[in-house]
Amino acid sequence: MSNQTFDPLALAKTSKTFCIFPWIHQYVGPPGDVKPCCVYSHNEQVGSLKENTLEEIWNNDKMKKMRLDFLNGIEEPNCHICNQRAEIDYAHKNEYNKLFFEKSKDIQDIVASTNPDGSLDEHKLYYIDVRFNNLCNLSCRSCAPHYSTGWILDHRKLYNLVERRDKDDGFQYPGKTEEQAFLETLPHLATAKCIYFAGGEPLMQKEHYQILDKLIEFGNTDITIRYNTNFTNFKLKNFDNVLEYWKKFKDVNVYASLDGSHEKAEYWRNGTDWKQVVENRKRMMEQTPHVNFSIAYTLSWPNAFNLVEFHREWTELGYIQPDKIMVNPLDTPPYYCLKNIPDWKKREIEIKLNENIEWLKTFGNCEHVVSMYDTAIKFMWSDTSKYHAGIDESLRDFWHITTKLDDIRSQSFFDVYPEHINMKNYIIHNNLNVTLQKEQYNKIKVL
């Protein structure tokens, strides 16, 4: 490829695999893993903050190759979630390509400045997503210790780690020191266009409040701020209530990770106090009405029926507008995935989701949410062979994880989700509840 023929902007506009993230963003996870985005393959990374700085990783061989591949229409294998979802027009990259690349001349200029080797002369993050640690007060069924300290004790019991600890067992932070990730983020705050706070639980992290203080100090209060929060706590010691901070920013978007309501919320996101969640929503409506609020519902087969109930209840109570919900089909752990259930169960769920689609059509401006429901149905029926194990294997894993975790927490899945008793019968009828050997059980440790 010669310098005369290399036109990165033209390539980007025609490439079928192009993703803007490697030009504007570095995701940093609590263990220190650095990726082009949070959807990148969970067991892969482009670098580690434990070994290099963000600036050093910015132009390493993996990042340079990725940029060139994206420009030239070559798929990145570790972007398989986006690649697969692109087939049903639900790819993570599509949203951000529209938001940053297609609508911003400044970002297009950055792409145009790409060197022939894939490097960029300037390290500048316009979209920031740094998970400063894994502090969290909940232990959600679909989560794990590397994203939640609330999971630690149950993780030890679940995988017989009482006498030993592994890398996912304890408080984690990216970088060689606890302060490194925060310090490396600071140079980008004055010019950043968007910052995403997630966790762990971001409202428990001191760095979150320190970042907001710095944004106010730099005068960058027009920045788009996005949250993924469990919505259980608005106050951290030594800092103002987060509602007081939000009053100072123009574009705050809260996506509350609520994967159910009432007792189902308290079961699925263990540690949730549902009454407190409701009270927090009321306070937010009263004190910060300018803040955009949406439910970020991670849809699995266990909580599929509750999605319909929850969506309608909060709409009728006036806590949300009917279009203020994000329906995100879960990919992992695979034993909760909508794809990995028998066809007869998929048909039950499809009927229930279609009921809500018809209900949503009675409102105006809900086309986007209707599309999300439709996409979830397409996702459920899409091919599983490339990325997932067989249905029976997944249900076997579901049974053993669920029954053991229920025993640890003194809970009962089928008491909380009686709509799935037929799944219990299916599992037992097909002998998927047989006792696993220790080595088989540890193979399903995907949390």
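Analyst: Helices (H or I, at least four residues) and strands (E, at least two) are DSSP runs numbered from the N terminus. By that rule, strand 8 (251-256), strand 10 (292-299), strand 11 (325-329) and helix 16 (367-381) have their names, and each supplies at least two residues of the lining of the second largest pocket. The model is predicted, with local features needing pLDDT of at least 70 and side-chain atom pairs pLDDT 80 or more, while totals for chains, interfaces and linings use all residues. Residues are numbered from 1 along each chain as its sequence is written, and side-chain values use heavy atoms, without hydrogens or water.

User: What makes this second largest one a pocket, and what is its volume?

Analyst: A pocket is an open set of points on a 1 Å grid over the protein atoms alone, with protein on both sides within 12 Å along at least five of seven lines. The volume, meaning the space filled by probe spheres set on the points, is about 190 Å³ for the second largest pocket. Of its 13 lining residues (an atom within 4 Å of a point), S294, D323, K324, M326 and H368 are the closest to the centre.

User: Which classes does the lining of the second largest pocket have?

Analyst: It has 6 nonpolar, 5 polar and 2 charged residues. Asp, Glu, Lys and Arg count as charged, Ala, Val, Leu, Ile, Met, Phe, Trp, Tyr, Cys and Pro as nonpolar, and the others as polar. D323 and K324 are among the residues closest to the centre, and by this rule both are charged.

User: How many cavities of 30 Å³ or more does the structure hold, and what makes a space a cavity?

Analyst: There is 1. In a cavity a 1.4 Å probe fits but cannot get out. The largest cavity has a volume of about 120 Å³. It is lined by 13 residues, with C19, F70, C79, C82 and K93 nearest its centre. Helix 5 (80-85) and helix 6 (92-102) each give at least two residues to this lining, which divides into 7 nonpolar, 3 polar and 3 charged.

User: Why are helix 17 and helix 19 called roughly perpendicular?

Analyst: The axes of helix 17 (residues 391-409) and helix 19 (residues 421-429) cross at roughly 110 degrees and come within 11 Å. Angles of 65 to 115 degrees count as roughly perpendicular, so the name applies to helix 17 and helix 19. The contact (heavy atoms within 4.5 Å) involves D392, L395, F398 and W399 of helix 17 and M423, K424, Y426, I427 and I428 of helix 19. These residues comprise 7 nonpolar, no polar and 2 charged.

User: Why are strand 3 and strand 11 said to stand at the edges?

Analyst: The open sheet has 9 strands in the order 3-2-1-4-6-7-8-10-11, with mixed pairing. Strand 3 (47-48) and strand 11 each have a single partner strand, so one side of each has no neighbour in the sheet.

User: How do you know that strand 1 and strand 4 pair?

Analyst: Pairing needs at least two DSSP bridges. Strand 1 (residues 25-28) and strand 4 (residues 127-130) are joined by 4 and run parallel, so they pair. H25 stands opposite Y127 in strand 4.

User: Where are the cis peptide bonds from G199 to G200 and between T332 and P333?

Analyst: The G199 to G200 bond has omega near 5 degrees, and G200 is in the loop between strand 6 (194-197) and helix 10 (206-218). For T332 and P333 omega is about -5 degrees, and P333 is in the loop between strand 11 and helix 15 (343-360).

Definitions and conventions. Axes fitted to C-alpha atoms, helices over the stretch in contact; angles between N-to-C directions. Parallel < 35°, antiparallel > 145°, perpendicular 65-115°, else oblique.
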